[in-house]
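Welcome, and thanks for taking a look at this one with us. Here is a short briefing to read alongside the structure.

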Amino acid sequence: MRKIILLGYMGCGKSTIANKLSKNIGIPFVDLDKKIEEKVNLAINTIFEKHGEIYFRKLEHEVFIELLNSPEQLIIGLGGGTPCYANNHELLKSDNVVSIYLKASIETLFKRLSTNKSKRPLIANKSDEEMKEFIAMHLFERSFYYNQAQYKVVVDDKTIDQTVLDIIALLA
Ligand SMILES: Nc1ncnc2c1ncn2[C@@H]1O[C@H](COP(=O)(O)OP(=O)(O)OP(=O)(O)O)[C@@H](O)[C@H]1O
Ligand SMILES: O=C(O)C1=C[C@@H](O)[C@@H](O)[C@H](O)C1
Ligand SMILES: [Mg+2]
C-alpha cells in the first residue's frame, strides 16, 4: 500500500504537519523517531548517549525499511537525518511511495528550533549563535539528500493548515 513520506530538516514541521494531514485524509501517521524509541525502549537522546550515532543510524534504516514493507497505507514522518544515511534517499523513489520535502529556510528553522532544542541531541548544547551557524552548514550538506524527494513544499510563512492543503493538492 502507498506510503506518504514527509522529510526535511529538524524543526521543519514533519511531525506537526503529518499529524494534521493524517486527521484530514484519514491515513494513519507513524513518526519514525517514535517507532525507533518504541523498538528499543529508549529516548532518541539516550540512544545517542549510550550507543552513539552510528548505532542510531543502523536502527533508523532498519525501522524505515520495516515501515516501508508494512502492508498498511501510512504517512511516515522521517527523522531529520534519515534521507542522509544508509542510502535511505534511494528509497524515497520506491514504487508506491510519495515523498515530500518540507523545505524551510535557515531563519524559519532557527526560530522553531531555538524554543525547543533539548530533545534534539545534535543541537541540545549549542548557543543561539552556534546553532544558527550549525543549521546553515548542516542544511547545506543535507540539501542534496532532501532534494531526492519527489515533491518539495516550501513551509516558510505558512500556517500548518496551509501546508497541509498544499500537500493534499499534490496528492490529488
Ligand atoms: N506553520 C508551522 N508549521 C509547522 N510547524 C510549526 C509551524 N509553526 C510553528 N511550528 C512549530 O515548529 C516546531 C517544530 O515542528 P516539528 O516538531 O513538527 O518538526 P519536525 O520536523 O518533526 O522536527 P524533528 O525532525 O526534530 O522531529 C513545533 O514546535 C511546531 O509547533
Ligand atoms: O537531524 C537529525 O540527524 C536528527 C533528527 C531527529 O529527527 C532525530 O532523528 C535525531 O535527533 C537525529
Ligand atoms: Mg518530528
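**Annotated positions and helix packing**

R142 touches Y9 and C84, leaving out residues up to four places away in sequence. Please keep in mind as you read that this is a predicted model.

- R142 sits in helix α7, and UniProt, in an unreviewed entry, lists R142 under "binding site" together with D33, R57 and G80.
- R142 has 17 C-beta neighbours inside 10 Å, so this residue counts as partly exposed.
- G80, another of the positions in that record, is placed in the loop between β3 and α5.
- Is G80 buried or exposed? G80 is buried, because 22 other C-beta atoms lie within 10 Å, and the cut-off for burial is 20 or more.
- Once neighbours within four places in sequence are set aside, G80 is in contact with Y9 and M10. Y9 is also among the contacts of R142.

**S15, T16 and the other annotated positions**

- The unreviewed UniProt entry also places "binding site" at G11, C12, G13, K14, S15, T16 and R120.
- Where does T16 lie? T16 is found in helix α1.
- S15 has 16 C-beta neighbours inside 10 Å and therefore counts as partly exposed.
- T16 has 18 such neighbours inside 10 Å, so T16 counts as partly exposed.
- Which residues does S15 touch, not counting those up to four places away in sequence? The contacts of S15 are D31 and G77.

**Helices α6 and α7**

- Helix α6 takes in residues 106-114 and helix α7 residues 128-146; the two pack at an angle of about 135°, and their axes are 10 Å apart.
- The crossing in which α6 passes α7 is right-handed.
- On the α6 side, the contact is made by I106, L109, F110, L113 and S114; on the α7 side, by D128, M131, K132, I135, A136 and L139.
- Sorted by class, the residues of this contact of α6 with α7 comprise 8 nonpolar, 1 polar and 2 charged.
- R142, discussed above, is also placed in helix α7.

**Helices α2 and α4**

- How are α2 and α4 arranged? α2 and helix α4 (residues 53-69) pack at an angle of about 110°, with 10 Å between their axes.
- The two helices, α2 and α4, are therefore roughly perpendicular to each other, a term that applies to angles of 65 to 115 degrees.
- From α2, the residues L32, K35, I36, K39 and V40 meet L59, E60, V63, F64 and L67 of α4.
- The contact of α2 with α4 contains 7 nonpolar and 3 charged residues, with no polar ones.

- N41 is not a glycine, yet its phi is positive, near 55°.
- N41 is found in the loop between α2 (32-40) and α3 (44-51).
- With 7 C-beta neighbours inside 10 Å, N41 counts as exposed, because the cut-off for that class is 12 or fewer.
- A86 also has a positive phi, of about 55°, without being a glycine.
- A86 lies in the loop between β3 (74-77) and α5 (88-91), and G80 has its place in the loop between β3 and α5 too.
- A86 has 16 other C-beta atoms within 10 Å and so is partly exposed.

Technical notes
Residues are numbered from 1 along each chain as its sequence is written. Chains are lettered from A and ligands numbered from 1 in the order in which they are written. This is a predicted model: local features need pLDDT of at least 70, side-chain atom pairs count only at pLDDT 80 or more; totals for chains, interfaces and linings use all residues. Axes are lines fitted to C-alpha atoms, for helices over the stretch in contact, and angles run from 0 to 180 degrees between N-to-C directions. Helices (H or I, at least four residues) and strands (E, at least two) are DSSP runs, numbered from the N terminus. A crossing is left-handed if the near helix is turned anticlockwise from the far one by less than a right angle, and right-handed if clockwise. Two residues are in contact if their C-beta atoms, placed from the backbone, lie within 7 Å. Ala, Val, Leu, Ile, Met, Phe, Trp, Tyr, Cys and Pro count as nonpolar, Asp, Glu, Lys and Arg as charged, and the others, Gly among them, as polar. Angles under 35 degrees count as roughly parallel, over 145 as roughly antiparallel, 65 to 115 as roughly perpendicular and the rest as oblique. UniProt positions are given in the numbering used here, feature names are shortened, and annotations may be inferred rather than shown by experiment.
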